Amino acid sequence: MFKTILKNLNAVRYILLFIFTLSGLKGISQKPDDIIDPKHINFELLRTLIEEEVNKIRIENGIHPLSRDETLTKAAQDQAEFMKKTKKIQHEQPSKAKATPLKRAHFYKSTSAIVGENCHGVYYNTKTKIYGENQRVYLKTYRQIAYAFAQGWKNSKDHFQNIINKNFVVEGVGIAYDEKEKLFYSAQVFGSEPYKPFDDVKINYKSFGLKPYDPNACRELEKNFDYLPELLSNNVFVEDGKLYFYFQNLEEFKQVFKDKKDGIAIDIVRREQYSCSHGNSYYPSEVHRGELLKPIYKSKILKINQLKKTNEVWATVADVPSYVDTNTTEFNLLIIKDNHVCQTIFFNNIDGENIRSLAIDWAVDTVTPTQKFDSISRQLQFEILFEKAKYDYKLSEIKPILDSISLNQYQIQQIKITAYSSVEGTKEDNEKLQRKRAESILKAIQEYQLKNVPTVIKTQENWAGFFESIKGSPYEKDFAEFSEEVIRKIINSDTLDYNLEPYLEDQRKGIVVIDLASKLPDSTLAKVLINRYQSAVKMHEVEQAKALQAAIFRMIRKGLIKKETFFDIKIPHTKENIPLNNNLNAFKGILYPETDSLFLALAKEIDIQLYIAPKNPYLLYNKYLILLKRWEDNYNIVKDAKQLYKDIIKLNALGMDAWRVKQLELNYHLIAADYFYETKQFKEREKSLKKIKDALTSANLSMKQTYDIARYFMFQMRIEWAVELMKPWIDKGEFNEDFIFSFLTVAIYTDDVVPKSKYYEYLKIAQKLNPERFCQLFGYPNMSFQLLEDLNIKEIYCTHCNDDRTPKKR
């Protein structure tokens with residue numbers, strides 16, 4: 001079955017070709033199986049039969065048949081005659097105007113931009129072995145000669161690629177016969193969809209003298225400015241009937257465009273060229289796809305630049321031609337070096353946004369810093385870390401969590417335990433260790449009088465956690481090439497070349513998920529919580545008070561308790577009450593609007609508590625969090641930025657969760673990057689950007705935080721970083737609509753991170769998620785419709801979407 005793309009049109013083409021074949025044969029005396037008379041050869045019959053045999057091969061491979069194009073037929077005939085004259089099978093000619101298949105096609109006024117050519121020679125009435133056949137035969141009939149040509153091409157790798165190339169939709173066959181040598185020469189020229197220019201606009205094959213890509217001319221640009229396609233993907237503007245070019249930095253512009261023959265040109269491309277109703281149609285040129293406007297070079301751009309004072313570039317390139325509909329048009333930017341087109345940059349609205357800082361949580365010292373409660377699914381999840389080769393776990397360590405469940409009037413429905421080991425040691429020993437860890441956790445839970453609760457236990461080696469932990473480390477690239485067994489041998493060999501313990505220690509853990517059901521309605525529970533909380537504070541039951549604080553906070557968020565009622569309860573400033581007072585400050589930071597006066601008041605309260613407990617990690621964390629929030633709005637707040645960074649790192653030694661410290665570190669570098677940019681410390685800014693990337697390895701980001709950082713990387717033109725950050729979430733299936741559609745706009749640039757085959761899969765996922773949004777994806781204001789040049793992408797798109805960017809009805 002033919003693919004959706006070109007399906008209807010090419011069915012018509014094939015019918016017409018068939019009708020043409022019949023009508024051509026009707027008017028002549030020879031038939032396909034007639035023996036050829038060398039004195040009276042019916043070249044038209046042989047040409048038609050060759051076309052027929054080649055189309056059979058395409059159809060066998062699920063590809064639309066080709067239709068004849070007279071200009072390509074002339075080009076093919078020219079080459080067949082040339083091969084007869086020179087007695088050599090070849091694709092070149094000495095004539096400059098006809099030197100290559102493409103130039104010959106354009107010499108005869110073809111408007112195909114992509115051209116291929118197959119050439120071959122077949123002896124007449126000579127015992128010959130046809131490719132794919134076992135015996136030698138005498139080739140005497142028209143059908144035999146045509147079949148021999150097609151089979152010769154089919155069994156040659158390069159020639160076969162021309163035959164099955166989906167870009168080709170038209171062709172022409174040329175034939176010449178050398179009577180003395182009894183040798184038929186044939187050339188078949190293939191072409192992409194012929195280009196149809198704007199009305200009353202003639203084809204210009206000279207392209208203003210611009211030359212195709214040349215590695216020597218373009219080497220410096222590619223080496224030093226490989227980011228230009230992303231940077232300039234949205235830098236051609238249409239205003240009041242004129243086209244403008246914008247460049248963000250004047251000095252950088254001068255570095256890119258150094259010489260007098262360096263400049264830019266605008267290529268006008270229409271959506272109709274990528275219509276689902278036919279093959280992709282490009283201007284017959286080696287340097288542009290649509291109508292090319294006259295190039296503009298460095299000296300003129302600098303002369304007419306309107307933003308010299310702000311160190312930017314804004315220059316009028318040309319008037320928009322009157323025949324151009326800007327609603328269905330894209331303007332490609334051609335980067336010219338030494339009159340060679342080195343880069344073609346087409347529109348792509350990269351969904352980037354600068355962020356001053358990441359939304360991160362205040363440090364609340366509740367029942368456990370690693371627990372996560374999902375109030376929607378009523379699940380409590382927490383991690384239990386084990387030392388190397390250890391598996392003992394005691395009730396005392398889990399009791400505060402189970403107490404908090406009871407205090408919040410929840411009933412435990414089910415307990416799921418997943419016990420992990422790190423990946424060193426043997427698989428058999430690890431399985432025993434995993435089982436012992438799971439049994440130890442279960443025993444501790446059952447001691448809390450929960451023996452009859454349904455329990456599910458899973459055990460496994462934590463390979464996923466290991467590979468995640470080494471991301472961004474010196475070992476990431478090495479280990480990406482190794483199998484799990486090879487990695488295990490390296491770890492177990494204890495070689496001095498690898499210090500892997502820091503990456504293994506976090507993998508030895510158990511994850512406990514407790515499914516809960518509420519015993520009391522929230523409205524009933526809200527009435528008694530405040531009294532219980534006051535009683536717990538009075539009786540110095542700090543652990544219970546912490547659990548009740550968390551429950552009251554949840555009720556405040558639901559609007560069932562007034563926050564003033566909660567905050568009016570005064571907690572004495574004693575050492576044992578540090579966690580409670582810290583939590584009150586954190587809850588105020590969450591519940592009240594963020595203002596400088598609030599931050600100052602909270603900072604003052606934290607300083608009072610730090611006088612009592614100067615090394616409390618929760619207090620210090622929240623102090624630095626406030627400082628960063630204030631620094632974000634006023635760079636003068638922080639007098640010594642490097643000392644602040646050192647203080648943040650010291651939180652690790654004080655027992656604060658590593659992922660929390662990483663998130664603080666992340667925000668520090670986000671703010672510092674902007675600070676260094678504003679103060680023109682560009683080398684320091686670059687260091688901060690790299691440290692942002694490094695801090696992500698163990699920052700335990702949520703999907704929303706990941707999305708925000710990825711868009712920040714897009715804004716900063718760190719496209720590959722954004723893709724690397726987002727891809728694991730896509731592969732896990734943990735994403736929303738905005739996440740995957742934003743991912744698609746950048747993943748198209750990173751074949752080394754996202755292979756084409758994977759990108760096609762992601763497109764199909766997005767299409768199922770939102771068909772309407774998917775059909776709007778290719779074209780303003782999203783991605784360029786020129787990405788449909790990839791015929792696999794075009795097939796996916798055209799299967800589901802109409803040319804007007806609406807979903808097809810099923």
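Contact is taken here to mean heavy atoms within 4.5 Å. Helices (H or I, at least four residues) and strands (E, at least two) are DSSP runs, numbered from the N terminus. The structure is a predicted model, in which local features need pLDDT of at least 70 and side-chain atom pairs count only at pLDDT 80 or more, while totals for chains, interfaces and linings use all residues. Residues are numbered from 1 along each chain as its sequence is written, and side-chain values use heavy atoms, with hydrogens and water left out.

The secondary structure of the protein consists of 31 helices and 19 strands. The protein has 810 residues, of which 51% count as buried; buried means under 20% relative accessible area, exposed over 50%, and partly exposed in between (1.4 Å probe, protein chains only). Among contacts with a separation of 6 or more, 72% come from residues 24 or more positions apart.

Two helix pairs were examined. Axes are lines fitted to C-alpha atoms, for helices over the stretch in contact, and angles run from 0 to 180 degrees between N-to-C directions. Helix α26 (residues 703–715) packs with helix α28 (residues 737–747) at an angle of about 25 degrees, and their axes are 11 Å apart. The two helices α26 and α28 are therefore roughly parallel to each other; angles under 35 degrees count as roughly parallel, over 145 as roughly antiparallel, 65 to 115 as roughly perpendicular and the rest as oblique. The crossing of α26 and α28 is left-handed, that is, the near helix is turned anticlockwise from the far one by less than a right angle, clockwise being right-handed. On the α26 side, M703, T706, Y707, R711 and M714 meet D738, F739, S742 and V746 of α28. The residues of this contact between α26 and α28 comprise 5 nonpolar, 2 polar and 2 charged. For this division, Ala, Val, Leu, Ile, Met, Phe, Trp, Tyr, Cys and Pro count as nonpolar, Asp, Glu, Lys and Arg as charged, and the others, Gly among them, as polar.

In the second pair, the axes of helix α22 (residues 617–633) and helix α24 (residues 658–678) come within 10 Å and cross at roughly 20 degrees. Helices α22 and α24 are therefore roughly parallel to each other, and their crossing is left-handed. From α22, Y621, Y624, L625, L628, W631 and E632 meet R660, L664, N667, Y668, I671, A672 and Y675 of α24. The residues of the contact of α22 with α24 divide into 10 nonpolar, 1 polar and 2 charged.

Several loop residues were also examined. N305 is placed in the loop between α10 (298–304) and β12 (313–319) and is buried, with a relative accessible area of 8%. A polar atom of the N305 side chain lies 2.9 Å from the backbone oxygen of E312. Not counting residues up to four places away in sequence, N305 touches L250, E312, V313 and W314.

K109, in the loop between α4 (101–107) and β2 (115–123), is not a glycine but has a positive phi of about 70 degrees. K109 is exposed, at a relative accessible area of 56%. A positive phi, near 60 degrees, is also found at H540, a residue other than glycine. H540 is placed in the loop between α17 (522–538) and α18 (542–557) and is exposed, with a relative accessible area of 54%. Finally, Y780 and P781 are joined by a cis peptide bond with omega of about 5 degrees; P781 is in the loop between α30 (771–775) and α31 (791–800).

Key
Polar contact = N/O pair within 3.5 Å; in protein donor to acceptor, adjacent residues only side chain to side chain.
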